[in-house]
Amino acid sequence: MGALTACSAHSEPHSRLAESAWQFVSIDDASPTSDKAQLTFETDNIGATVGCNGMGGPWRIADDRIIAGPLIQTEIYCQGPIWAQEKAVSALLVGAPRFMLDGDTLVLKSSGHSARLRRIKKP
């Protein structure tokens with residue numbers, strides 16, 4: 001019975017994020033360079049874009065961390081601030097970020113990178 005309790009405790013945060021969509025409010029304390037910068041959580045897949053390339057793959061919750069990957073990514077040529085933010089979000093997601101969920105605000109933090117997001121209606 002203890003194993004079932006542990007499983008349900010870990011799936012609860014997952015269920016709060018599953019089937020949700022989020023708009024980036026900040027990436028490493030800077031405003032996103034694109035209004036298309038979004039993060040989506042499907043039941044088993046996570047998807048992200050900062051406005052140039054898209055990335056995605058499987059995800060799960062372990063304690064208070066989002067474990068994503070392996071992630072695949074499109075390879076469109078990007079440059080400037082959007083490229084820097086894309087690299088930051090990619091590093092953030094593969095860095096097993098800690099997450100804090102407070103209503104319609106989601107904060108992700110891993111070593112060296114952070115993001116603040118607000119919940120949006122799923123497209």
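Residues are numbered from 1 along each chain as its sequence is written, and side-chain values use heavy atoms, with hydrogens and water left out. Because the model is predicted, local features need pLDDT of at least 70 and side-chain atom pairs count only at pLDDT 80 or more, whereas totals for chains, interfaces and linings use all residues.

Helices (H or I, at least four residues) and strands (E, at least two) are DSSP runs, numbered from the N terminus. Two strands pair if DSSP finds at least two bridges between them. Strand β1 (residues 20-27) runs antiparallel to strand β2 (residues 38-41), with 4 bridges joining them; glutamine 23 is opposite glutamine 38 in β2. Strand β2 is also antiparallel to strand β3 (residues 45-49), again through 4 bridges, and leucine 39 has alanine 48 in β3 as its bridge partner. A hairpin of 3 residues connects β2 to β3.

A nonpolar core is a set of buried Ala, Val, Leu, Ile, Met, Phe, Trp, Tyr and Cys residues joined through side-chain atoms within 4.5 Å; buried means under 20% relative accessible area, with a 1.4 Å probe and protein chains only. The largest such core has 28 residues, and Leu17, Leu39, Phe41, Trp59, Ile66, Leu106 and Leu108 touch the most other members. Helix α2 (residues 81-94) supplies the largest share of this core, 5 residues. Leaving aside residues up to four places away in sequence, the contacts (heavy atoms within 4.5 Å) of phenylalanine 41 include Trp22, Ile46 and Trp59.

Serine 110 lies in strand β8 (residues 105-110) and is buried, with a relative accessible area of 14%. Beyond residues up to four places away in sequence, serine 110 touches Ala91, Leu92, Gly95 and Pro97.

Note on methods: Buried < 20%, exposed > 50% of the residue type's maximum accessible area, 1.4 Å probe, protein only.
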